[in-house]
Amino acid sequence: MRTFLSPDPKSTGVFPHEHLLVALLPVMAYVGVRDRRLPRRAVAFATAVGSQFPDLVDKPLAHQFGVLPSGRVFMHSLPFALPIVAGVLAYGHYTERPRVASAFVVAYLLHVIGDTYRSLLAGEMPPDLLWPFVAAQPRPIVPFWAGIDGIHVRLWTAFSVVVLGVTLLVVLRDIRRQIRRRARA
Ligand SMILES: [Zn+2]
């Protein structure tokens, strides 16, 4: 029987808590070694959001709304991910908070690598990374984790709306604060 603890070996899914740990542990280790303390709240928040970000956007768009061919393209794809990474790093540099920006970027990229590392280790370029220039890897419309009547898909969509909504508010407030600070300076 397929369970949470022993998923179908054919499905190469990575669970949300695994993405979180894969991002949080190196960030905590880096800050711990450099500063002998735990990461600040902003760094921890950026790491947590970054570690889930591609799934927060792509999974609802693919499985709930059917606008993407797969839950692993768009924010999972380099043509979209790289400009976002560059924009976040530029904003962090411009507002003198490179660590918060780097934490998001590291967590985001570790997510994308976590989803594709098997192909990458085998020396293959996963087609999802190059979407929309290359067709997405075919996957079932109903993902293996959908649950009865797609309950997990709907719960994930609700979770995504809350997390992305809160993140958007935090970012907008931050941009407003930065503009005010620059105006005063
Ligand atoms: Zn993913």
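This is a predicted model: local features need pLDDT of at least 70, side-chain atom pairs count only at pLDDT 80 or more; totals for chains, interfaces and linings use all residues.
Within H1, the residues His19, Ala23 and Val27 are buried. An α-helix has 3.6 residues a turn, so residues three or four places apart point the same way. The cover over the buried residues of H1 includes helices H2 and H4, and just after H1 the residue Arg36 adopts a positive phi of about 55 degrees.

The largest nonpolar core contains 26 residues, of which Ala46, Val100, Ala103, Phe104, Ala107 and Tyr108 touch the most other members. At least two residues of this core are supplied by each of helix H1 (16-35), helix H2 (41-64), helix H3 (78-94) and helix H4 (98-121), with the largest share, nine residues, coming from H4. When residues up to four places away in sequence are not counted, Ala103 touches Val27, Val43, Ala46, Thr47 and Gly50.

Val85 is located in helix H3, where, leaving aside neighbours within four places in sequence, Val85 is in contact with Val105, Tyr108 and Leu109. Val85 has 19 C-beta neighbours inside 10 Å and therefore counts as partly exposed, given that a residue is buried if 20 or more other C-beta atoms lie within that distance. Along the chain, Val85 and Ser70 are 15 residues apart, and their C-alpha atoms are separated by 22 Å.

How values were computed. Residues are numbered from 1 along each chain as its sequence is written. A nonpolar core is a set of buried Ala, Val, Leu, Ile, Met, Phe, Trp, Tyr and Cys residues joined through C-beta atoms within 7 Å. A residue is buried if 20 or more other C-beta atoms lie within 10 Å of its own, exposed if 12 or fewer, and partly exposed in between; C-beta atoms are placed from the backbone. Helices (H or I, at least four residues) and strands (E, at least two) are DSSP runs, numbered from the N terminus. Two residues are in contact if their C-beta atoms, placed from the backbone, lie within 7 Å.
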